[in-house]
Amino acid sequence: MTGMEKLETLIKSSHGVITAKLAGNHDIHREYLSEFVRLGKLERIAHGIYITPEAWEDKMLIYQLRKRKMVYSHETALFLNDLTARDLVSYCVTVPTGYNTSKLKQDGLIVHTIKKELLDLGICTKQTSFRNDIRTYDMERTICDMLRDRKNQDIAVVSDALKRYARRSDKDLNKLMKYADVLRIEKVLRSYLEVLL
């Protein structure tokens, strides 16, 4: 299989979005990406990120490809975990404390920071509406994040998310309490759960 054929196959399997890093991981030289751009088969939309002309531009995926340490969180994670009925107006993300957030904020993202050692707690993979995998937090971590930041959140959204979570058959209350303990919001969570459960 030639480099061009390998690249064609890889583009198909990645829903029309490809990175120079992904191509390199499959032993496809960057020159093939440049050739595809020259032929009009790919468009360069950001440094090292390419998309086919017929593919829909999945903004959530592109932001994540550009900023590897970023995790979708808060209201965006509620949406991805089906814990809210509200449509997304802007994306909420979490990055480690000390991370330069200026570019993310310029892009219109709502940015939260957390200690490096807590960033990976509860990370899971969900699909965007374009069927691309992105990193977000699971239901339990998201509930905890919303409660930690409750003073800056719409209380109706938090309350609705908790009610939806309580009704879910796939909820994991043990995991929720463990996360609440690690994130130091156990008392707050208990007071909400006593009303709901």
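User: Is T94 buried or exposed?
Analyst: T94 is buried, because its relative accessible area is 2%. Buried means under 20% relative accessible area, exposed over 50%, and partly exposed in between, with a 1.4 Å probe and protein chains only.

User: What kind of model is this, and how are residues numbered?
Analyst: This is a predicted model, in which local features need pLDDT of at least 70 and side-chain atom pairs count only at pLDDT 80 or more, while totals for chains, interfaces and linings use all residues. Residues are numbered from 1 along each chain as its sequence is written, and side-chain values use heavy atoms, with hydrogens and water left out.

User: What is the mean pLDDT of the protein?
Analyst: The mean pLDDT is 93, and 99% of the residues reach 70 or more. The term pLDDT denotes the predictor's confidence in each residue, from 0 to 100.

User: Which side chain makes a polar contact with the side chain of T94?
Analyst: That partner is the side chain of S73, at 2.7 Å. A polar contact is a pair of N or O atoms within 3.5 Å; within protein, one must be able to donate a hydrogen and the other to accept it, and residues adjacent in sequence count only if both atoms are side-chain atoms.

User: Which residues does T94 touch?
Analyst: Leaving aside residues up to four places away in sequence, T94 touches K69, M70, V71, S73, H74, H112, I114, L119 and Y137. Contact means heavy atoms within 4.5 Å.

User: New topic: in what order do the three strands of the open sheet come?
Analyst: The order is 1-3-2, with antiparallel pairing. Strand 1 (17-19) and strand 2 (43-46) are the edge strands, since each pairs on one side only.

User: How many bridges join strand 1 and strand 3?
Analyst: Strand 1 and strand 3 (residues 49-51) are joined by three bridges. In one of these pairs, I18 has Y50 in strand 3 as its bridge partner.

User: And the helices? Where is L176, and is L176 buried or exposed?
Analyst: L176 is found in helix 10 (residues 173-182). The residue L176 is buried, with a relative accessible area of 0%. Its contacts, not counting residues up to four places away in sequence, are E140, I143, C144, Y165, L189 and L193.

User: How many residues apart in sequence are L176 and C144?
Analyst: L176 and C144 are 32 residues apart in sequence, and their C-alpha atoms are 7.5 Å apart in space.

User: Finally, how many helices and strands does the protein have?
Analyst: The protein has eleven helices and eight strands. Of its 197 residues, 45% count as buried.

Definitions and conventions
Pairing = 2+ DSSP bridges. Helix = DSSP H or I, 4+ residues; strand = E, 2+ residues; numbered from the N terminus.
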